[in-house]
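I set out to record what could be looked up in this structure. The entries below follow the order of my reading.

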Amino acid sequence: MGRITILRDFIGIIKDKASQSKAALLSDPKTLSLHLALLRATTHDPFTPPDPRHLATLLASGHTSRATVSTAIEILMDRLQTTRDASVAIKCLITVHHIIKRGSFILQDQLSVYPFNGGRNYLKLSNFRYNTTLLTWELSYWVRWYALYLENLLQTSRVLGFFLSSASSSVDKNEEEEEKVSSLINSQLLKEINSLGNLIEQISRMPNSLHTNGNILVDEVLGMVGEDYLASANEVSIRVSEFKERLSCLSVFESVELGFALKRLEDCKERLSALGQMRNVLVETVWGSISEMKDQVGNNELYGGEGRLMVMESSKNKVSESSRYGERVLKLGDSVDFFSGRFSKLQY
């Protein structure tokens with residue numbers, strides 16, 4: 001087994017050297033440094049993460065022209081989608097994650113719209129397999145999970161309107177985010193909490209395999225996903241607090257949908273608690289608020305259901321008071337109810 005491992009590592013080194021030589025001969029001189037940086041960041045070595053120096057070169061391309069950035073993303077995605085090696089694939093995904101977290105606006109934008117001819121599920125790694133050893137077999141499992149996770153992260157970021165856990169969405173912006181959330185209609189707020197639920201649910205499905213324990217590549221993934229988990233829990237907390245303000249104003253359908261969303265989030269708690277790296281005192285506080293809110297929603301449905309059903313029966317095809325806000329014409333003396341219960345009525 002040791003000889004097979006040594007042989008595989010040697011072949012990996014040869015492949016890396018050959019790829020770099022090919023790039024030096026065939027790449028456009030203007031983007032050669034980017035191409036070489038990517039190849040050096042995504043080697044076949046299963047025990048070393050991407051070199052920070054090469055990642056910095058790739059991230060620095062985000063401050064150049066849009067054409068250069070577009071080329072950088074194409075090179076990265078081509079490397080990701082053509083490799084059959086689990087180590088190369090997971091390093092490419094780590095690079096994608098770094099772009100989401102630390103990339104410039106142009107770099108993030110080009111990543112979010114790839115492929116440029118349209119399409120979905122662009123990472124296309126759901127069937128990835130590399131089964132030469134037990135380690136590579138388990139790394140393949142991580143590749144499939146990580147690719148799906150990053151697709152969820154990008155989708156959630158689109159729904160929220162910013163890249164979750166990126167340098168541009170720091171904790172310092174909490175007050176600004178709370179103000180924005182308070183202005184959302186109920187349907188959009190439900191869409192956001194459901195999207196965050198999808199992301200946390202995907203985190204809870206993280207592999208827990210024996211042969212990758214202590215692997216530095218996997219540890220790198222765990223660290224980055226752990227940061228996202230804290231950021232997503234914070235965003236959930238903001239939206240749960242907002243729903244507490246609106247609880248008495250929710251329709252039956254909205255209460256039921258919110259109840260399902262909170263129950264789905266709560267179901268993730270046990271799976272995440274089993275993963276020691278996902279435990280955090282602040283997150284436990286968030287879980288407590290989710291459980292409390294779920295109970296309040298249940299009581300709200302139980303004791304307020306009949307009255308709401310009568311209102312809904314008399315206004316079919318209308319979801320909630322807040323969703324009709326845009327259809328009204330304001331007149332002098334009319335009062336306006338803000339979507340959030342923390343604001344009082346204003347007179348016009």
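This is a predicted model: local features need pLDDT of at least 70, side-chain atom pairs count only at pLDDT 80 or more; totals for chains, interfaces and linings use all residues.

Residues are numbered from 1 along each chain as its sequence is written, and side-chain values use heavy atoms, with hydrogens and water left out.

I looked up Trp142 and found a relative accessible area of 3%, so Trp142 is buried. Trp145, at 4%, is buried as well. Both lie in helix H7, three residues apart, about one turn of the helix; helices are DSSP runs (H or I, at least four residues), numbered from the N terminus. An α-helix has 3.6 residues a turn, so residues three or four places apart point the same way.

I then searched the whole structure for aromatic pairs and found three. Rings of Phe, Tyr and Trp (its six-membered ring) pair if their centres lie within 6.5 Å; planes under 30 degrees apart count as stacked, over 60 as edge-to-face and the rest as tilted. Trp142 and Trp145 form an edge-to-face pair, 5.7 Å centre to centre with 80 degrees between the planes. How are the rings of Trp145 and Tyr146 arranged? Their centres are 6.2 Å apart and their planes at 15 degrees, so this pair is stacked. One aromatic cluster is formed by Trp142, Trp145, Tyr146 and Tyr149.

Entry on the core. A nonpolar core is a set of buried Ala, Val, Leu, Ile, Met, Phe, Trp, Tyr and Cys residues joined through side-chain atoms within 4.5 Å. The largest one has 81 residues, and those touching the most other members are Leu93, Tyr146, Tyr149, Leu150, Leu258 and Trp287. Helix H10 (residues 216–246) gives the most to this core, with 13 residues. Domain 1 (1–135) and domain 2 (167–303) both contribute, so the core lies between them; the domain bounds come from an automatic or database domain assignment.

Entry on Asn152. I placed Asn152 in helix H7 (residues 134–160). Asn152 is buried, with a relative accessible area of 18%. Leaving aside its neighbours within four places in sequence, Asn152 is in contact (heavy atoms within 4.5 Å) with Asn198, Leu199 and Gln202.

Terms used: Buried means under 20% relative accessible area, exposed over 50%, partly exposed in between (1.4 Å probe, protein chains only). Helices (H or I, at least four residues) and strands (E, at least two) are DSSP runs, numbered from the N terminus.
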